[in-house]
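Colleague: I would like to learn how to read the features of a protein model. Could we take them one at a time?

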Amino acid sequence: MEQATKTFKKPKVELHVHLDATIRPETILYFARNKQMDLPGGGSVEGLLESVICKNPGSLTEFLSKFEIYMPAVAGEREAVKRIAYEFVEMKAQEGVIYAEVRYSPHLFANCKVEPIPWGQKEGDLTPEEVVKLVNQGLKEGERDFHIKVKSILCCLRHMPSWSRETAELCKKYHNDTVVAIDLAGDECLWSETGPEHLSAYEEASRCGVHRTVHAGEAGPPSVVKEAVELLKAERIGHGYHTLQDAELYKQLLEMNMHFEMCPWSSYITGACDPDFTKHPLIKLKADKANFSLSTDGPLPFGTTLEKDYAVVATYMGFNEDDFMRTNINAARSCFLPEPEKQELLNKLYDAYEMTII
């Protein structure tokens with residue numbers, strides 16, 4: 001990983017990145033060997049990356065299929081779950097991030113009290129709640145050792161509505177004990193409508209003061225974004241590129257100061273946006289002074305780093321240092337920290353950027 005982005009060397013905030021898509025290949029190979037599991041690439045880092053990284057624009061479905069290659073190596077393993085969380089903090093610290101929110105589905109790492117058991121695992125003894133505890137431990141130890149702050153977001157999955165209520169309950173139980181929000185992720189093209197299980201989970205999260213973000217307008221149409229805001233009471237939108245296809249909705253969200261979690265390289269690889277970066281929705285968001293941030297989404301299968309994402313928007317979308325500072329201030333203002341901690345984060349950025357207010 002880069003020690004810090006060369007495009008923007010000052011401290012950064014990252015709000016949209018998936019834990020199961022930010023795993024070191026060496027860690028995957030270590031646990032694959034422990035399980036005597038064969039992975040593509042003959043056991044080498046280079047070979048694994050060759051099979052896992054999406055290199056050309058395709059689809060969100062193709063991207064999601066990459067997890068089937070490597071997740072069986074780490075799922076159901078207590079040591080792996082905690083180590084992945086710890087190493088996530090280390091990787092983000094090396095990229096110059098001082099605050100991150102990392103998201104994941106506890107059920108996708110579990111092999112007990114989860115139906116169906118993911119990744120073709122045999123039933124074991126690692127429950128979704130124990131996954132949350134292990135991630136919390138790894139993140140806290142990482143915070144201690146690498147001197148940055150990291151919180152987590154628990155994901156409901158569009159194609160697994162039966163898991164959503166438990167996800168909401170875990171958000172409640174561990175609220176502000178590392179967990180700060182709930183998310184709804186998955187392929188909108190296959191599961192665009194919000195079912196009653198997801199709605200119930202979000203209603204409970206809202207009732208209990210748990211923050212809410214939703215993947216919407218990435219693969220799906222603006223109507224999914226509208227539903228996320230009006231039905232699920234989303235406070236942030238993950239991606240949201242297709243919002244711009246509905247001028248009235250876009251205007252409404254601008255007036256609401258809705259935060260868009262934008263992931264430039266991800267949007268290119270999944271085919272969410274025109275492959276010509278000079279036509280990317282980010283350009284209009286920047287011109288309209290919209291509230292958005294920049295994130296990597298899935299560094300492993302996308303083969304990206306914050307340096308790469310920042311370089312893309314600098315090279316093709318005209319972003320300069322002032323734009324990057326404004327973007328990171330937006331991220332801090334829209335993060336899901338409790339207010340005192342949010343103000344502390346903002347003050348750190350103001351000091352680092354040598355500004356009073358932006």
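Modeller: Start with how elements are named: helices are DSSP runs of H or I with at least four residues, strands are runs of E with at least two, and both are numbered from the N terminus. Keep in mind that this is a predicted model. As a case, D323 sits in helix α15.

Colleague: Is D323 buried or exposed?

Modeller: A residue is called buried when its relative accessible area is under 20%. The value for D323 is 11%, so D323 is buried.

Colleague: Which residues does D323 touch, leaving out those up to four places away in sequence?

Modeller: D323 touches K286 and G318. Sequence and space can also be set side by side: D323 and H259 are 64 residues apart in sequence, and their C-alpha atoms are 16 Å apart in space.

Colleague: Where is S105 found?

Modeller: S105 is in the loop between β2 (97-104) and α6 (128-146). Its relative accessibility is 3%, and therefore S105 counts as buried. Leaving aside neighbours within four places in sequence, S105 is in contact with C155, L157 and W163. From S105 to S206 there are 101 residues in sequence and 19 Å in space, C-alpha to C-alpha.

Colleague: That loop holds P116 too. Which kind of peptide bond joins E115 and P116?

Modeller: The bond between E115 and P116 is cis, with omega at about 0 degrees.

Colleague: Now helices. How many residues of helix α4 are buried?

Modeller: First the general idea: an α-helix has 3.6 residues a turn, so residues three or four places apart point the same way. Helix α4 (residues 67-74) is mostly covered, with six of its eight residues buried. These are F67, Y70, M71, P72, A73 and V74. They pack against α1 (25-34), α2 (45-52), α3 (60-65), α5 (78-94) and α13 (299-302). Just after α4, G76 has a positive phi of about 80 degrees.

Colleague: Which residues other than glycine have a positive phi?

Modeller: K289 is one of them, with phi near 55 degrees. K289 lies in the loop between α12 (281-287) and β8, and its relative accessibility of 69% is why K289 counts as exposed. E354 also has phi near 55 degrees. E354 is in the segment after α16 (339-353), and E354 is exposed, with a relative accessible area of 75%.

Colleague: How do I describe two packed helices?

Modeller: Two packed helices are described by the angle between their axes and the distance between the axes. For α1 and α5 the angle is about 170 degrees and the axes are 11 Å apart. That makes α1 roughly antiparallel to α5. At the contact, T27, Y30 and F31 in α1 meet E79, A80, R83, I84 and E87 in α5. Within that set, the charged end of R83 sits over the ring of Y30, 4.9 Å from the ring centre.

Colleague: How many residues are in the largest nonpolar core?

Modeller: In soluble globular proteins, nonpolar side chains tend to be buried together. The largest nonpolar core here has 111 residues, and those with the most contacts inside it are Y70, V74, F88, F109, I182 and I237. The largest share of this core, six residues, comes from α5. As for I237, residues it touches beyond four places in sequence include T213, V225, M258 and F260.

Colleague: How many aromatic pairs are there?

Modeller: Rings pair when their centres lie within 6.5 Å, and the count comes to 14 aromatic pairs. The rings of F8 and F324 have centres 5.5 Å apart and planes at 40 degrees, so this pair is tilted. The pair links distant parts of the chain, 316 residues apart: F8 is in the segment before β1 (12-18) and F324 is in helix α15 (residues 321-334). Both F8 and F324 are buried.

Colleague: What about F292 and F319?

Modeller: Their ring centres are 6.1 Å apart and their planes at 70 degrees, so the pair is edge-to-face. F292 is in strand β8 (residues 291-294), while F319 is in the loop between α14 (306-317) and α15, 27 residues apart. Both F292 and F319 are buried. K286 lies over the face of F319, at 5.4 Å from the ring centre. Ring pairs link F8, F292, Y310, F319, F324 and Y353 into a cluster.

Note on methods. Residues numbered from 1 in each chain as written. Heavy atoms only, no water. Phe/Tyr/Trp six-rings, centres within 6.5 Å; stacked < 30°, edge-to-face > 60°. Buried < 20%, exposed > 50% of the residue type's maximum accessible area, 1.4 Å probe, protein only. Lys NZ or Arg CZ within 6 Å of the ring centre and 35° of its normal. Contact = heavy atoms within 4.5 Å. Core = buried A, V, L, I, M, F, W, Y, C linked by side-chain atoms within 4.5 Å. Axes fitted to C-alpha atoms, helices over the stretch in contact; angles between N-to-C directions. Parallel < 35°, antiparallel > 145°, perpendicular 65-115°, else oblique.
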